Amino acid sequence: MADDEPKSIRALFLTAERLRNNLNNFPDSNSTTYQENLTNAIATYESCFTLSEKVSLFSPNESLDDVSSSDLQYMAISYHLSELIQKIKTTDISGRKSNLLSARDYHERFIKLLDSYDILSRSDAKLWDTYLSDKSNFSVASTRDAAARRDAKIARFREEKELKQKLAYIQQNPKLAENDEQVVRELHLTNLAFMVHQTFASLESLAQELHIISLAPPPLPQGEHTAAPDTREDARNRDAYSERLDSQVPGLRYSGPILSSDGKPMRPFTLLDKRQRLQQGVFRPDHSLPTMTIDEYLEEEKRRGGIIEGGGEQSGIRPEVDEDDLRLADEETMKARAWDEFKEDNPKGSGNTINRG
């Protein structure tokens with residue numbers, strides 16, 4: 001191995017680590033700037049990974065004692081690649097599936113490398129065999145026995161907690177590693193052990209997401225379009241509120257149960273904080289509160305024609321006739337004559353013929 005090649009790997013790795021850490025400074029992972037920096041970080045890690053394989057940085061003929069303490073950190077290149085690839089923003093299902101498969105491949109490379117150096121613990125080696133036997137249905141704990149699943153989850157949580165505490169202690173005391181190579185080696189091995197825990201959790205998540213994607217309907221061939229919905233039904237449902245996210249995405253309409261009999265998700269679903277909603281409604285009035293004032297209600301009723309104006313004392317006041325308006329004066333005269341003729345033809349009491357003696 002030439003002297004300048006490890007230096008090149010070290011320079012690439014440091015650059016990739018700096019780009020990866022800078023991603024934490026962006027608040028929105030879907031922004032264009034974040035995705036551009038993410039692409040640069042992935043490209044740098046890929047160059048580092050390619051160079052490490054070209055110079056045979058790790059060999060299956062070596063043991064863990066043959067690897068220098070400074071080279072242990074390069075075993076995590078494929079792990080970082082997998083984690084970054086999962087953050088790539090895609091607009092279609094096929095692109096997302098391709099990224100998930102690529103991320104899974106890098107996770108497998110990471111575990112295979114550690115397994116070849118006997119770095120995996122006994123429980124992690126057993127999990128690796130379980131994963132290889134059934135990748136599509138992999139789970140870090142049993143999905144059939146709830147008690148066993150709970151115990152396994154608690155055990156792995158405790159292991160991760162201990163690894164985090166150990167890493168934090170060494171990182172907060174850098175003087176321990178200044179003159180002691182064994183401390184540096186222990187730091188890298190502890191970090192790799194923690195990444196193994198994260199890898200198995202990620203492999204379980206990838207298996208579930210790939211299973212959900214497999215249930216999606218196949219994409220339509222180019223040139224074909226879905227039939228236009230009924231305009232009347234579309235107008236009727238346009239303002240309808242729905243908390244379902246999958247019903248709003250074209251081509252992602254699912255039906256049937258959310259979970260299978262063994263607890264695996266069968267389709268996308270959204271978790272709602274029902275407890276918080278119930279908590280907010282405890283001290284609210286038991287009746288519906290008004291949504292508008294009385295004046296607003298009267299204005300709305302008047303606009304709809306629900307209020308008849310007039311009546312009362314105002315109805316007996318007849319408007320004065322403009323004497324200069326001859327047409328209106330003639331109409332009033334004809335009304336008065338017609339009323340007089342009606343009273344002559346129908347004297348008062350003439351209509352009451354019942355009970356007359």
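Start by selecting helix α2 (residues 32-54) and helix α3 (residues 77-85): their axes come within 10 Å and cross at roughly 155°. Axes here are lines fitted to C-alpha atoms, for helices over the stretch in contact, with angles running from 0 to 180 degrees between N-to-C directions. Angles over 145 degrees count as roughly antiparallel and those under 35 as roughly parallel, so α2 and α3 are roughly antiparallel to each other. Helices are DSSP runs (H or I, at least four residues), numbered from the N terminus.

You're looking at a predicted model, where local features need pLDDT of at least 70, side-chain atom pairs count only at pLDDT 80 or more, and totals for chains, interfaces and linings use all residues. Residues are numbered from 1 along each chain as its sequence is written, and side-chain values use heavy atoms, leaving out hydrogens and water.

Next, pick helix α5 (residues 122-133) and helix α7 (residues 181-214), which pack at about 25° with axes 11 Å apart. That pair is therefore roughly parallel.

A salt bridge means a side-chain nitrogen of Lys or Arg within 4 Å of a carboxyl oxygen of Asp or Glu. Arg96 sits in helix α4 (residues 93-116) and Glu209 in α7, so the pair ties together parts 113 residues apart in sequence. Arg96 is buried, at 18% relative accessible area, while Glu209 is partly exposed, at 26%. (Buried is under 20%, exposed over 50%, partly exposed in between, using a 1.4 Å probe and protein chains only.)

Last stop: select Glu53, Asp105 and Arg109, linked in a network of salt bridges.

Notes
Helix = DSSP H or I, 4+ residues; strand = E, 2+ residues; numbered from the N terminus. Parallel < 35°, antiparallel > 145°, perpendicular 65-115°, else oblique.
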